[in-house]
Amino acid sequence: MTQKSLTHHFTVQLSATRRGARLARLLTERQLDDWGLSHEAATRVVAELASNAVLHGRVAGRDFRLGLRLYPGGALRIEVTDARGDRVPCVHDPVAADAESGRGLLIVEAYAERWGVDPAPAGCKVVWAELGEPGRGDP
C-alpha cells in the first residue's frame, strides 16, 4: 500500500480454532463500527482468511493473528498471520457448484482490490488483502 501513515490500527492474537475464526469476524465488525466504517466486505474477507488460517495454516499449540490497518482516505489492509509459512494459498480452478470448499480466495478476490502472501518470522506467513475506501456508516 502506498500510504505510509496509519489513522487506526488493531491487532489481536486468537486461537487457531473455529471459535477463533468466528471471533476474528466479530471483532472486525466491532472495530470497524468503532471507526465509523461499514464492514460487510471486510468481515467477509476476514472470515475467509481466518478460516483458511485455522483449516490450512494451523500448527498445534500456535495461534493466528488478525491485523487491521486503516489508512488516510479510508483504505483498509487486513492481515492474517498463521504458523504455516510452507503452505502458500492460491486460487484454484473453478470448483463444482455443490463443492463444500474451494471458494474462499475467490471471495477474497471479489472484495479486495488486491491480496497476497508475505513471509513472516518463525516460519509463519501473512495473508493480506487491501480494500479501497470503505463506505461510512451502514452498508
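So, who meets whom between helix α1 and helix α2? From α1 we have Arg18, Ala21, Ala24, Arg25, Thr28, Glu29 and Leu32, and their partners in α2 are Ala42, Thr43, Val46, Ala47, Ala50, Ser51 and Val54, where contact means heavy atoms within 4.5 Å. By class, that contact holds eight nonpolar, three polar and three charged residues (Ala, Val, Leu, Ile, Met, Phe, Trp, Tyr, Cys and Pro count as nonpolar, Asp, Glu, Lys and Arg as charged, and the others, Gly among them, as polar).

Please keep in mind that this is a predicted model, where local features need pLDDT of at least 70, side-chain atom pairs count only at pLDDT 80 or more, and totals for chains, interfaces and linings use all residues. Residues are numbered from 1 along each chain as its sequence is written, and side-chain values use heavy atoms, leaving out hydrogens and water.

Now the geometry. Helix α1 spans residues 18-34 and helix α2 residues 40-56; their axes come within 9 Å and cross at roughly 155°. That makes α1 roughly antiparallel to α2 (the term covers angles over 145 degrees).

Note on methods: Axes are lines fitted to C-alpha atoms, for helices over the stretch in contact, and angles run from 0 to 180 degrees between N-to-C directions. Helices (H or I, at least four residues) and strands (E, at least two) are DSSP runs, numbered from the N terminus. Angles under 35 degrees count as roughly parallel, over 145 as roughly antiparallel, 65 to 115 as roughly perpendicular and the rest as oblique.
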